[in-house]
Amino acid sequence: MSGPPLDLAVVIPTFNEVRNVPVIIARLDQALAGRHWEAIFVDDDSPDGTADTAREIARVDPRVRVIQRIGRRGLSSACIEGMCATAAPIVAVIDGDLQHDETILPKMLDALHQDEALDVVIGSRFVDGGGTGDWDHDRVAKSAFATRLSRRILKADLNDPMSGFFMIRTAIVRGMASHLAAIGFKILLDIMTASPKPLHFLEMPYTFRVRTEGESKLDHVVAMEYLIAIYDRMFGNYVPVRFVMFSVIGAFGAGIHFTVLAALFKGLGLGFTVSTIAATVGAMTFNFFLNNALTYRDTRLKGARQLFDGWVSFCIVCSPSALANIGVAAFLYNTRADPWEVSALAGVVLGAVWNYALSSRFTWGR
Ligand code: GDD
Ligand code: MN
């Protein structure tokens, strides 16, 4: 054995943060002087070379480690993987863009050492002494709305449940890792609500800094993912969230189907069966691209080759239900049986379950 045992791991999720990497290591080095720590970058194969830069530092500083994930995206899942990858008993998560105040890390660590009953220390912008720096009105309003919404699933009286800056006992995360939704940005909220027993927490104030290098990745899709994560905690055990997304997109696909059908059959006067086939292919293509961009955003297929293969796979997977739908529609049209809406709807629901079950497995390899 060499040296004192490892005490703390600092997980740093990164996407395109190349210029911040050396700075954050220097800051951690200063803030955590005298402590036994390691830093784990979890980088989602950033095109700007973040991982290479982190590895250059890691070659000469064994406290620095790099996990480079290929074909994956997502802040929450990156944090979970980083937290599960350390031997340290305590782990912190901190943004790689220097917006979080690393100087409070030693105080967070001491708090966990001093109180065995304490599970997690949260860097908080909304307790006395904390702040959000110079956020504009819009961001303040959005953050307040998201925080209010979180209260619906969070039973604890936590002022900053959206914080991405916290320190926790590693065993707690490891124990619940398979129950975490791992969607979007809200890793702390996820941990707090996944725990079978309420976690004992302490909020420690800090002021959110302004980003000076690179840009935020919190976009509309991330905001949508937040709503999805809330749904997942409330109802996810009954109907999986991906199935809901898949079905909502499927409903829009049905809209495409009817539009194309009307245009070809009514508008251009083509045959009903031919129009239905074209409408089905159109709807499948639409569904494939939307599911790839949203439902399976974290493992989405990229580049012409992958997209083409995925599209073919998706069409093959969906073809039994598509054929059934075309058959039913053609049959009903030809015989004019009466409650066709009901049988069509039954076909659509069965088709959705079938398509979801098979495409999640074969097209996106879940
Ligand atoms: N590995 C990985 N994968 N890292 C990511 C990803 C991703 O898909 N998306 C973002 N990151 C990294 C960024 O590189 C950065 O280091 C950190 O996660 C935070 O991302 P930002 O894009 O800077 O987020 P923000 O500043 O808008 O949001 C912060 O504040 C929110 C509360 O207002 C984060 O701390 C959020 O977690 C927090 O909820
Ligand atoms: Mn940021």
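This is a predicted model: local features need pLDDT of at least 70, side-chain atom pairs count only at pLDDT 80 or more; totals for chains, interfaces and linings use all residues.

Author: Residues are numbered from 1 along each chain as its sequence is written, while chains are lettered from A and ligands numbered from 1 in the order in which they are written.

Reader: Why are α1 and α2 called oblique to each other?

Author: Two packed helices are described by the angle between their axes and the distance between the axes. The axes of α1 (residues 21–31) and α2 (residues 50–60) come within 9 Å and cross at roughly 40 degrees. Axes are lines fitted to C-alpha atoms, for helices over the stretch in contact, with angles from 0 to 180 degrees between N-to-C directions. Under 35 degrees counts as roughly parallel, over 145 as roughly antiparallel, 65 to 115 as roughly perpendicular and the rest as oblique. α1 and α2 are therefore oblique.

Reader: What makes the contact between α1 and α2?

Author: Val 21, Pro 22 and Ile 25 of α1 meet Thr 50, Thr 53, Ala 54 and Ile 57 of α2; contact requires C-beta atoms, placed from the backbone, within 7 Å. By class the contact has five nonpolar, two polar and no charged residues. Ala, Val, Leu, Ile, Met, Phe, Trp, Tyr, Cys and Pro count as nonpolar, Asp, Glu, Lys and Arg as charged, and the others, Gly among them, as polar.

Reader: How do you know that β1 and β4 pair, and in which sense?

Author: Pairing takes at least two DSSP bridges between two strands. β1 (residues 8–14) and β4 (residues 90–93) have four, in the parallel sense. Val 91 in β4 is the bridge partner of Ala 9. The open sheet has seven strands in the order β3-β2-β1-β4-β6-β5-β7, with mixed pairing. What makes β3 (64–68) and β7 (201–205) edge strands is that each pairs on one side only.

Reader: Which residues are closest to ligand 1?

Author: Among the 22 residues around ligand 1, the closest are Ala 78, Gly 96, Gly 164, Lys 217 and Leu 218; a residue is near if its C-beta atom, placed from the backbone, lies within 6 Å. The shell divides into eight nonpolar, seven polar and seven charged residues.

Notes. Helices (H or I, at least four residues) and strands (E, at least two) are DSSP runs, numbered from the N terminus. Two residues are in contact if their C-beta atoms, placed from the backbone, lie within 7 Å.
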